[in-house]
Amino acid sequence: MSDDIRTGEVAVNVPEASDASLRFIGRIRTPFTTRAKCPRQGDPGDGPDCRLELDPVWAPGLDGLEAFEAADVLYWLDRSRRDLVAQSPKSDGRTTGTFALRSPVRPNPIGLARVRIVRREGPVLVVRGLDCLDGTPLLDIKPERCAFTVQAPAKRGVAS
């Protein structure tokens with residue numbers, strides 16, 4: 001985490017977190033080794049192939065995902081600072097509230113990317129469209145919301 005604060009940015013004292021527990025399901029492999037080399041937004045069309053490497057216990061969770069063209073990937077931006085409530089992302093002196101930005105710097109640094117599914121290789125999903133550093137912890141993978149159709153039967157006696 002960098003301690004550099006740009007003009008106009010505001011940091012707060014953050015108490016120790018004690019209200020949640022996450023389980024990482026794997027790691028993300030990208031060609032991006034520094035934040036400066038990482039794109040501001042991933043490109044599902046022309047971005048580089050990246051790998052979602054699941055821990056083997058979670059590999060069966062990928063079954064059926066190949067039927068979708070795209071997925072939403074949630075990841076933990078473990079190298080981001082977590083104490084800024086106002087940021088100047090372009091270093092131009094303009095300050096914006098953290099929740100009005102897609103910056104990785106946030107109280108709970110959860111990243112979200114819509115990716116194109118390229119292929120599956122056992123416990124690995126090859127995708128395009130990520131914007132995170134190599135080695136980033138993987139939280140979850142979900143089929144693209146617009147492409148997913150609920151398959152559960154309707155409950156009897158419940159009006160819709």
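Where in the chain is the place of Thr-30? In this predicted model, Thr-30 sits in the loop between β2 and β3, where strands, like helices, are DSSP runs numbered from the N terminus (at least two residues in state E for a strand, at least four in H or I for a helix). Residues are numbered from 1 along each chain as its sequence is written, and side-chain values rest on heavy atoms, with hydrogens and water left out. Because the model is predicted, local features need pLDDT of at least 70 and side-chain atom pairs count only at pLDDT 80 or more, whereas totals for chains, interfaces and linings use all residues.

The chain contains zero helices and nine strands, and its elements accordingly run β-β-β-β-β-β-β-β-β from the N terminus on. Of the 160 residues in the chain, 34% are buried, the term buried being applied under 20% relative accessible area, exposed over 50% and partly exposed in between, as computed with a 1.4 Å probe on protein chains only. Among contacts between residues at least 6 apart in sequence, 80% join residues at least 24 apart, a contact being defined by heavy atoms within 4.5 Å.

Thr-30 itself is buried, with a relative accessible area of 9%. A polar atom of the Thr-30 side chain lies 3.2 Å from the backbone nitrogen of Phe-32, and a polar atom of that side chain lies 2.9 Å from the backbone oxygen of Cys-132. When neighbours within four places in sequence are left aside, Thr-30 is in contact with Cys-50, Leu-130, Cys-132, Leu-133 and Asp-134.

Cys-50 belongs to strand β3 (residues 49-54), in which Cys-50, Leu-52 and Leu-54 form a covered face and Asp-49, Arg-51 and Glu-53 an uncovered one. Strand pairing, for which DSSP must find at least two bridges between two strands, links β3 to β2 (residues 26-29) in the antiparallel sense over four bridges, with Glu-53 of β3 as the bridge partner of Arg-27. Strand β3 also pairs with β8 (residues 124-128), in the antiparallel sense and over five bridges, and here Arg-51 stands opposite Val-126 of β8.

Strand β9 pairs with β2 in the antiparallel sense over three bridges, and Leu-138 in β9 is the bridge partner of Gly-26. Arg-145 is found in the segment after β9 (136-143) and is exposed, with a relative accessible area of 71%. The C-alpha atoms of Arg-145 and Asp-72 are separated by 7.9 Å, although the two residues are 73 residues apart along the chain. Not counting residues up to four places away in sequence, Arg-145 touches Asp-72 and Arg-114.

An open sheet of three strands has the order β1-β5-β6, with antiparallel pairing; its edge strands are β1 (10-11) and β6 (96-97), each of which pairs on one side only. Between β1 and β5 (residues 84-87) the antiparallel pairing extends over two bridges, and Ala-86 in β5 is the bridge partner of Val-10.

Pockets were then considered, a pocket being an open set of points on a 1 Å grid over the protein atoms alone, where a 1.4 Å probe fits and protein lies on both sides within 12 Å along at least five of seven lines; lining residues have an atom within 4 Å of a point. The largest pocket has a volume of about 1000 Å³, a volume being the space filled by probe spheres set on the points, which are joined across faces, edges and corners. Of the 33 residues that line the largest pocket, Arg-35, Ser-80, Ser-103, Pro-104 and Val-105 are the closest to its centre. Strands β5 and β7 (110-121) are the elements that give two or more residues to this lining, and the largest share, three residues, comes from β7. By class, the lining of the largest pocket has 15 nonpolar, seven polar and 11 charged residues, where Ala, Val, Leu, Ile, Met, Phe, Trp, Tyr, Cys and Pro count as nonpolar, Asp, Glu, Lys and Arg as charged, and the others, Gly among them, as polar.

The second largest pocket holds about 490 Å³ of space. Its lining comprises 19 residues, of which Ala-17, Asp-19, Arg-82, Pro-107 and Asn-108 lie nearest its centre, and by class the lining of the second largest pocket has 12 nonpolar, three polar and four charged residues.

How values were computed. A polar contact is a pair of N or O atoms within 3.5 Å; within protein, one must be able to donate a hydrogen and the other to accept it, and residues adjacent in sequence count only if both atoms are side-chain atoms.
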